[in-house]
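Dear colleague,

A short account of the findings follows it.

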Amino acid sequence: MNRVRTAVTAAAIAGSMVVGGVVGAALYGVTTLSAAAATTATSPTPAPSSSTGTFVSNETAAHEATESAAREAQENAGQVPTVP
């Protein structure tokens with residue numbers, strides 16, 4: 001009876017190792033695919049003003065019509081606006 005019990009125990013251990021290997025490989029494949037997809041996405045190109053470190057105001061007519069006089073004064077002074 002001990003040989004049968006040993007064989008069954010060995011088969012159970014071997015089976016669990018195989019199942020664990022298959023599950024581990026499947027999870028590794030999923031994480032590798034998602035990581036590869038995340039790294040191939042293009043990142044937005046920064047605006048030229050952000051690379052120089054100076055503030056450049058938005059002077060389009062649509063933007064100018066919606067901003068307050070205080071904000072316009074800050075933009076004209078070359079400051080980053082702190083008022084809406």
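In which helix does Q74 lie? Q74 belongs to helix α4, residues 69–76; helices here are DSSP runs (H or I, at least four residues), numbered from the N terminus.

Please note that this is a predicted model, in which local features need pLDDT of at least 70 and side-chain atom pairs count only at pLDDT 80 or more, while totals for chains, interfaces and linings use all residues. Residues are numbered from 1 along each chain as its sequence is written, and side-chain values use heavy atoms, with hydrogens and water left out.

With a relative accessible area of 15%, Q74 is buried (buried means under 20%, exposed over 50%, partly exposed in between; 1.4 Å probe, protein chains only). Leaving aside neighbours within four places in sequence, Q74 is in contact with Q79, V80, P81, T82 and V83, contact meaning heavy atoms within 4.5 Å. A polar atom of the Q74 side chain lies 2.8 Å from the backbone nitrogen of T82.

The count of salt bridges is 2, each defined as a side-chain nitrogen of Lys or Arg within 4 Å of a carboxyl oxygen of Asp or Glu. One joins the side chains of E67 and R71 (3.8 Å, N to O). In the salt bridge of R71 with E75, the closest N and O atoms are 3.4 Å apart.

Yours sincerely

Definitions and conventions. Helix = DSSP H or I, 4+ residues; strand = E, 2+ residues; numbered from the N terminus. Polar contact = N/O pair within 3.5 Å; in protein donor to acceptor, adjacent residues only side chain to side chain.
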